[in-house]
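Dear colleague,

Please find below the structure that I am handing over to you. My notes on it follow.

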Amino acid sequence: MNAEILGENNLVVNRFFALDGRAYEAGALDVKTKELLGLVASLVLRCDDCITYHVIRCREEGVTRAEAFEALSIGLIVGGSIVIPHMRRAVDRWSEVERKS
């Protein structure tokens with residue numbers, strides 16, 4: 001779907017997508033850390049699609065289950081009990097990705 005969206009050549013949309021991509025490139029923080037941050041932010045914002053994306057990217061970057069749970073615990077503290085259903089989905093996605101690899 002991203003290709004279709006970007007194919008519209010909307011300047012604002014294309015620039016936003018480019019900025020999003022650049023934000024996760026290595027810099028003062030490595031990509032693994034940035035993906036963990038993305039996972040926490042997605043949990044707190046309760047975006048299941050975003051959680052799935054960052055779970056996959058975290059696994060690609062070598063994040064361990066223990067590291068993921070530490071990150072999820074931060075999201076739980078910041079977001080409170082309302083994030084528990086999304087944490088369940090994150091763990092379900094994590095287990096699913098582990099089974100596939």
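Which residue just after helix 4 takes a positive phi? It is glycine 62, with a phi of about 85 degrees.

This is a predicted model, in which local features need pLDDT of at least 70 and side-chain atom pairs count only at pLDDT 80 or more, while totals for chains, interfaces and linings use all residues. Residues are numbered from 1 along each chain as its sequence is written, and side-chain values use heavy atoms, with hydrogens and water left out.

Helix 4 covers residues 48–60; helices (H or I, at least four residues) are DSSP runs, numbered from the N terminus. Its 13 residues reach 18 Å from the first C-alpha to the last, close to the 18 Å expected at 1.5 Å a residue, where the expected span is 1.5 Å times one less than the number of residues.

Ile51, His54, Val55, Arg57 and Cys58 are buried in helix 4 (buried means under 20% relative accessible area, exposed over 50%, partly exposed in between, with a 1.4 Å probe and protein chains only). The buried residues of this helix pack against helix 3 (31–45) and helix 6 (84–100). Arginine 57 has a relative accessible area of 18%. Leaving aside neighbours within four places in sequence, arginine 57 is in contact (heavy atoms within 4.5 Å) with Val31 and Glu35.

Glycine 80 is in the loop between helix 5 (65–79) and helix 6. With a relative accessible area of 24%, glycine 80 is partly exposed. Its C-alpha atom is separated by 30 Å from that of glycine 27, 53 residues apart along the chain.

Yours sincerely

Terms used. Helices (H or I, at least four residues) and strands (E, at least two) are DSSP runs, numbered from the N terminus.
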